[in-house]
Amino acid sequence: MSLGKIIDKKNNDLSKRIDKQKVPEHVAIIMDGNGRWATKKGLPRSFGHNKGVSVLKEIIKASKKLGCKVLTVYAFSTENWTRPTKEVDFLINLFSEVLEREIEEIHQESIKIKFIGDLTPFPETLKKIIYNSESLTKNNNTFLLNVCVNYGGRQEIVKVAKEIAFKSFSGEIKPSEVNEELFNSELLTQGIKDPELLIRTSGEKRISNFLLWQLAYSEIYISEVLWPDFNEFEFLKAIIDYQSRNRRFGGIESLPNESLKDPQCSS
């Protein structure tokens with residue numbers, strides 16, 4: 001049996017364990033470990049980023065096949081500008097190249113692509129490619145791919161707070177009208193269901209300023225696998241782990257004959 005067939009069999013076997021009625025509608029991913037993966041192999045960090053793109057393509061297909069409706073990935077954070085200039089320039093060029101190369105296939109797959117973050121600092125050429133990609137796919141409704149670029153969760157919350165403060169100052173809304181629903185309506189993810197599952201690769205156990213408001217009740221799955229080695233099999237493992245959890249949203253299930261009284265205090 002070929003390696004490809006062995007991999008397909010492993011994926012199919014794992015897929016059979018998944019309850020298709022409990023697949024998360026929205027999955028968010030912190031794609032971490034590209035640079036470390038390359039460094040461990042004695043390669044330039046750029047090799048890791050290139051390999052990471054092919055992994056993202058695989059995970060988009062896997063999540064779409066599974067029945068997920070939204071995939072949100074952390075591609076470039078506001079903090080990533082502090083990386084060496086050569087790496088930042090490479091990443092910006094990579095965004096342009098990948099979009100130009102892949103957007104037609106993305107469109108043919110009926111995938112809508114949306115970029116979330118402050119695009120202002122990016123070159124005009126990249127911004128034009130981004131706007132064209134969003135425009136081309138805007139009417140696709142099978143699957144939504146959110147790509148977070150120059151994005152920061154704290155920055156997003158401050159932006160929303162400023163917008164609400166301005167509307168309050170101008171008399172458009174009253175301070176008493178500010179609530180979670182209003183706040184949600186001003187987020188960059190407005191109209192999109194919050195992620196039920198956050199996956200982070202490379203074993204790091206932090207959120208890293210990603211979707212701080214939206215992840216309030218998300219289940220978190222940490223994979224020790226570096227992003228370039230992440231694949232459909234690892235993705236399915238994350239889904240199975242998610243389905244093993246009891247999502248109570250702060251509540252608990254009632255237990256038979258349960259009492260809140262302390263038996264030691266009973267008369």
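Analyst: Strand E5 (residues 197-200) pairs with E6 in the parallel sense over 4 bridges. This is a predicted model, in which local features need pLDDT of at least 70 and side-chain atom pairs count only at pLDDT 80 or more, while totals for chains, interfaces and linings use all residues. Residues are numbered from 1 along each chain as its sequence is written, and side-chain values use heavy atoms, with hydrogens and water left out.

User: What makes E5 and E6 a pair?

Analyst: Two strands pair if DSSP finds at least two bridges between them. E5 and E6 have 4 bridges, and therefore they meet the definition. Leu198 stands opposite Ile220 in E6.

User: Why are E3 and E6 called edge strands?

Analyst: The open sheet has 6 parallel-paired strands in the order E3-E4-E2-E1-E5-E6. E3 and strand E6 (219-222) each pair on one side only.

User: How do you know that the span of helix H4 agrees with its number of residues?

Analyst: The expected span is 1.5 Å times one less than the number of residues. The 24 residues of H4 (residues 85-108) should therefore span 34 Å, and the end C-alpha atoms are 35 Å apart, which agrees.

User: Where is the kink in H4 centred?

Analyst: The kink of about 50° is centred on Glu102; the bend is the angle between axes fitted to the seven residues ending at a residue and the seven starting there.

User: Which residues of H4 are buried?

Analyst: Buried means under 20% relative accessible area (1.4 Å probe, protein chains only). Among the buried residues of H4 are Leu91, Phe95 and Glu102.

Conventions
Helix = DSSP H or I, 4+ residues; strand = E, 2+ residues; numbered from the N terminus. Buried < 20%, exposed > 50% of the residue type's maximum accessible area, 1.4 Å probe, protein only.
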